Amino acid sequence: MTILDGKKVSNDIKEEIAEHVKAIISKGEKVPHLAAILVGSDGASMTYVNAKVKACERIGFKSTLIELPEYTSEEELLNKIHELNTNDDIDGFIVQLPLPKQIDEQKVLMAVDPNKDVDGFHPTNVGKMALDLPTFLPATPYGIIELLERYQIETSGKNVVVMGRSHIVGRPISILMSQKRKAGDATVTLVHSRSKNLLDITKNADIIVAAIGISEFLTGDMVKEDVVIIDVGITRVPDATKKNGYRLAGDVHFESVSKKASFITPVPGGVGPMTIAMLLKNTLLARDRHNS
């Protein structure tokens, strides 16, 4: 069994981007600039955004963090998005989700300029992705594809089961893995909470992407020998043996599934670091497009 080390691969990608940035600086050109809007004080969101800011500093990007209070109105947020859309110094930006209840997330995502949408969530970019046209790929699915490619995992003609149908992970990764690409060309089945005969489907899978949002849902009896496992989930599970009172768990029961898997991502240290790395890659692409 081989651990798919997302932390190592993401560091490799960051080093590659850092070298690219050095070349940009040596030519006297503008360095990439990534901005992030954080509304409220959700702990997980704050941790994630701060990790993005630190990653930018490490590779030589310029970064801007815009923190807005929990009570920010939808109109105020849309005005801030308009400012970033029209700011030529900013190549790409993200609006950290989830947003407070008074704000319509769909309206916010629609307001982001598709040319600066480095999260890849705007309908224009989602449509281009579905048609296999050049665009910003959603960062987490993009990270999964990159991880499979770098570990040279064969996907062509394989049975891939995607567990979860979210617009952020499940749907886009099911589209990408069915397309003619290096980490693609697969036969993809997308399952969710209403799917019947789930055991029959997962036991026939060569590759499983678990993004169903239920802690340790996929167990060893649900998979076949030599399966490749990509665990997207991350949940805090109470654990009295830990100093902080919890441990981090994925959507996969690691102990039982890893005994059968040929490749598996850990939680943490698997898909999570890849998401940030691919966001940076999208920002570099946005900067290059902007300059050209």
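In the predicted model, the mean positions of the 35 positive and 38 negative charges of the protein chain lie 3 Å apart, where Lys and Arg count as positive and Asp and Glu as negative, His and the chain ends not being counted, and where the place of a charge is NZ of Lys, CZ of Arg, CG of Asp or CD of Glu. Local features need pLDDT of at least 70 and side-chain atom pairs count only at pLDDT 80 or more, whereas totals for chains, interfaces and linings use all residues. Residues are numbered from 1 along each chain as its sequence is written, and side-chain values use heavy atoms, with hydrogens and water left out.

The secondary structure of the protein chain comprises ten helices and eleven strands, these being DSSP runs (H or I of at least four residues for helices, E of at least two for strands) numbered from the N terminus. Of the 292 residues of the protein chain, 48% count as buried, that is, under 20% relative accessible area with a 1.4 Å probe, protein chains only.

Val232, which is found in the loop between β8 (228-231) and β9 (235-238), is buried, with a relative accessible area of 19%. When residues up to four places away in sequence are not counted, Val232 touches Thr140, Ile144, Val169, Val209, Ala210, Ala211 and Val271, a contact being heavy atoms within 4.5 Å. The C-alpha atoms of Val232 and Ala139 are separated by 12 Å, with the two residues 93 apart along the chain. Across the protein chain, 70% of the contacts with a separation of 6 or more are accounted for by residues 24 or more positions apart.

How values were computed:
Buried < 20%, exposed > 50% of the residue type's maximum accessible area, 1.4 Å probe, protein only.
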